[in-house]
Amino acid sequence: FPSHDSNGVVIAQNITLGTITLDGTHAGNYTWALPSTVSAVITPRPVTISAAGGISKEYDGTTAMTGINLQITGNLDGSGLTVSGSGAFSSPNAGTGLSYTLSGLALSGAAAGNYILSGGLTTITGNDGVITARPLIVTATGVNRVYDGTTNATVTLTHDGLVLDANNLTINLTSAAFANRNVARNPDGTLAYVPINVLLGALTGFAANNYVLVDTTPSAQAI
């Protein structure tokens, strides 16, 4: 490993020389004086860091990058050299080609003293990040009503999977209609539920692109 003084400067290392001989037509005119010691500096090898994984995630309302897999290019010591750091997307919203920053990069491991980060950079950026839309499950619940000769139905919608966006997302109901307009009864004469056909429209609002409907035709029923 390169040795450093108290100021971080690399200290010259001694070099062991093998047998040295003179050769050529005029070799006999000269003698070889071998110095007692020879030294030279071995400088740390620059390595570059890139993100090999963890640059894609499902929308969670934050810019945090999780499970980042940092790759070292130029490493000659395998598992003897590792790198750590953290990352953040420039925006929390779903999309592709997103920019991100990896910061706090630091080398560690048994061979860390033999390497430096290329250019001394402890922060790098990229623009191939991906945040995928979060699945949104919508449930429709039918509202009971008195027979009126039509198939008109009313439903209430609830959802599972919404993150931080209650005021920025609208779940639109395109239509809700009973499967038929008549009162239904069970074999014992009690009232029975009538299926309701529900159709949801596109999500709207500032956060609409951050979500995708799992089912646009949730089932419902009412008496």
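**Exposure, salt bridges and the main pocket**

Thr 96 counts as exposed, with a relative accessibility of 65%, where exposed stands for over 50% relative accessible area, buried for under 20% and partly exposed for values in between (1.4 Å probe, protein chains only). The model is a predicted one, in which local features need pLDDT of at least 70 and side-chain atom pairs count only at pLDDT 80 or more, whereas totals for chains, interfaces and linings use all residues. Residues are numbered from 1 along each chain as its sequence is written, and side-chain values use heavy atoms, with hydrogens and water left out.

Thr 96 belongs to strand S9, which comprises residues 95–108; strands (E, at least two residues) are DSSP runs numbered from the N terminus. Although 40 residues separate Thr 96 from Ser 56 in sequence, their C-alpha atoms are 9.0 Å apart in space. A further pair, Ile 49 and Leu 107, stands 58 residues apart along the chain, with a C-alpha separation of 10.0 Å. Of these two, Ile 49 is placed in strand S5 (residues 45–53) and is buried, its relative accessible area being 12%.

Thr 63, in the loop that runs between strand S6 (56–58) and strand S7 (69–73), is partly exposed at a relative accessible area of 29%, and its C-alpha lies 6.7 Å from that of Ser 90, a residue 27 positions away in sequence. Leu 203 occupies the loop between strand S17 (194–200) and strand S18 (211–213), where Leu 203 counts as buried because its relative accessibility is 15%.

Three salt bridges are found when the whole structure is searched, a salt bridge being a side-chain nitrogen of Lys or Arg within 4 Å of a carboxyl oxygen of Asp or Glu. In one of them, Asp 60 pairs with Lys 57, and the closest N and O atoms are 2.8 Å apart. The two partners fall into separate accessibility classes, since Asp 60 is partly exposed at 28% relative accessible area, while Lys 57 counts as buried at 9%. Another salt bridge joins the side chains of Arg 134 and Glu 58, at 3.4 Å from N to O. This pair links distant parts of the chain, given that Arg 134 is in strand S12 (residues 134–142) and Glu 58 is in strand S6, 76 residues apart. Arg 134 is partly exposed, with a relative accessibility of 23%, and Glu 58 is likewise partly exposed, with a relative accessible area of 39%.

The side chains of Arg 145 and Asp 148 also meet in a salt bridge, with an N to O distance of 2.9 Å. Arg 145 has a relative accessible area of 27%, which makes it partly exposed, and Asp 148 is partly exposed at 42%. A pocket is here an open set of points on a 1 Å grid over the protein atoms alone, where a 1.4 Å probe fits, with protein on both sides within 12 Å along at least five of seven lines, and lining residues have an atom within 4 Å of a point. The volume of the largest pocket is about 170 Å³, taken as the space filled by probe spheres set on the points. Its lining divides into nine nonpolar, three polar and three charged residues.

Ile 223 lies in the segment after strand S19 (220–222) and is partly exposed, with a relative accessible area of 31%.

Terms used:
Helices (H or I, at least four residues) and strands (E, at least two) are DSSP runs, numbered from the N terminus. Ala, Val, Leu, Ile, Met, Phe, Trp, Tyr, Cys and Pro count as nonpolar, Asp, Glu, Lys and Arg as charged, and the others, Gly among them, as polar.
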